[in-house]
Amino acid sequence: MARDVDVVLRKCRQLKQRQQQQQQQRQQQPSKAAPLLLPATASSSITTTATTATTTTTTTTTPLSQEIVAVSELSCPQVLEGIEAIAVHVAQQILVHQHKGGFVLEIPSRAASNQVYVPEWDRIVLGSKRMTRHFTNVKECRKTAITMRVLELLHAVLSKRIHITKRDLFYTDVKLFVDQSESDPILDDVATMIGCTRSNLHVVASDKGLVVGRVTFVEDGDWIDCTRMGVGGKAIPPYIDKITQITSVGAEFILLVEKEAAYMRLAEDRFYHKYPCIIITAKGQPDVATRLFLSRLKHELQIPVLGLVDSDPYGLKILSVYMSGSKNMSYDSASLTTPDIFWLGLRPSDLDKYQLPDQCRLPMTEFDIKTGKELLQEDFIVSNHPQWIPELELMVKTKKKAEIQALSSFGFQYITETYLPQKLKDGDWI
């Protein structure tokens with residue numbers, strides 16, 4: 001067993017060195033191969049948007065000569081200035097009767113048609129299209145009012161230097177918002193208007209992600225050792241900005257797990273002691289905090305990330321969100337994405353390789369097959385991850401899918417004692 005662990009460590013170190021070499025090669029490429037960041041000026045912000053004179057939103061020219069919108073980390077005072085500038089600009093419109101006594105907000109469009117995949121960056125970004133909200137328009141006045149109310153509430157939160165949840169925000173004005181689905185999307189609109197990340201608004205979601213293994217960090221002054229946080233590990237806090245001094249305790253790789261059940265098996269078996277690693281899960285579809293935390297781990301520790309997801313189209317979709325970002329938050333993909341994640345398992349080819357019983361192989365629905373075929377056409381896969389294509393083709397051809405938990409048919413600890421050790425020993429990731 002000790003010899004197998006040595007083989008795994010050697011392969012992980014070789015993978016780490018290869019990734020570092022690839023990163024150095026990318027940095028040495030001519031600058032024209034990558035998009036150029038062009039900060040928006042104060043004057044252009046006022047004349048082209050009904051938002052803020054001090055916005056820090058940046059526009060980028062892609063290799064396709066198409067401008068995109070990107071945001072950056074801003075301090076609390078800077079975000080407050082952005083909100084106040086929006087309020088001033090709205091007041092100016094009203095005073096000069098520019099829009100029949102009302103006002104107009106101009107907001108970067110987050111529609112699907114305005115999402116752009118940039119192969120050089122291997123992530124989804126937000127295009128330059130914009131939309132308007134007219135307060136005097138019957139169809140738009142309610143959403144415009146909600147936007148202004150959210151701006152007012154955010155100003156109060158930031159002024160107090162506190163954080164609140166999205167649910168807290170909703171309950172401050174239930175009569176206006178009616179449903180949380182009305183207030184939540186406005187946060188992303190406001191972030192793009194100001195030019196800050198959504199976390200800079202100090203509105204967070206409840207804890208969802210978990211981490212356990214060989215990593216320590218300081219959270220708001222408290223030292224955290226994730227090898228001493230009990231069987232379940234540590235909840236990833238929504239306040240990622242309060243995490244500092246991230247340090248690896250001999251970890252050679254990060255194991256990103258889709259399902260909480262698989263994570264708990266790994267955590268209870270103390271898998272990270274035998275195979276030095278950090279184990280993370282977002283319990284399915286990743287939340288912002290887990291994506292931010294993973295991105296920071298990868299950036300600061302410079303160790304490989306291996307993905308363990310279900311062998312179905314949705315497992316790959318979840319992996320792609322971590323890697324290239326989501327369309328809803330494409331404006332902040334720079335800080336939310338973790339490129340170069342390797343697909344460790346559960347892969348379609350593993351079903352035969354590890355002789356998974358037929359009763360554990362679930363038939364794919366027509367919608368599953370349709371989703372799988374759509375993935376085969378995704379720029380994200382075709383351009384930068386062609387090695388995934390044979391696996392996807394096999395999945396669509398056999399019309400079979402399987403969950404990670406299907407490995408339990410060989411024994412409850414099969415995943416930690418046989419499957420993962422063998423995969424790691426063979427370096428069987430793509």
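Three strands make an open, antiparallel sheet, in the order E12-E11-E14; strands pair if DSSP finds at least two bridges between them. Helices (H or I, at least four residues) and strands (E, at least two) are DSSP runs, numbered from the N terminus. Keep in mind that this is a predicted model: local features need pLDDT of at least 70, side-chain atom pairs count only at pLDDT 80 or more, and totals for chains, interfaces and linings use all residues. Residues are numbered from 1 along each chain as its sequence is written, and side-chain values use heavy atoms, leaving out hydrogens and water.

- At the edges sit E12 (222-225) and E14 (243-248), each pairing on one side only.
- E11 (residues 215-219) and E12 run antiparallel and are joined by four bridges.
- Phe217 has Ile224 in E12 as its bridge partner.

**Phe217 and Phe293**
- Searching the whole structure turns up nine aromatic pairs (Phe, Tyr and Trp rings, the six-membered one for Trp, with centres within 6.5 Å; planes under 30 degrees apart are stacked, over 60 edge-to-face, the rest tilted).
- Phe217 is in strand E11 and Phe293 in helix H10, so the pair ties together parts 76 residues apart in sequence.
- Phe217 is buried at 1% relative accessibility (buried means under 20% relative accessible area, exposed over 50%, partly exposed in between; 1.4 Å probe, protein chains only).
- Phe293 is buried too, with a relative accessible area of 1%.

**Other aromatics**
- Tyr354 and Tyr419 are both buried.
- One aromatic cluster is formed by Tyr117, Trp343, Phe380 and Trp388.
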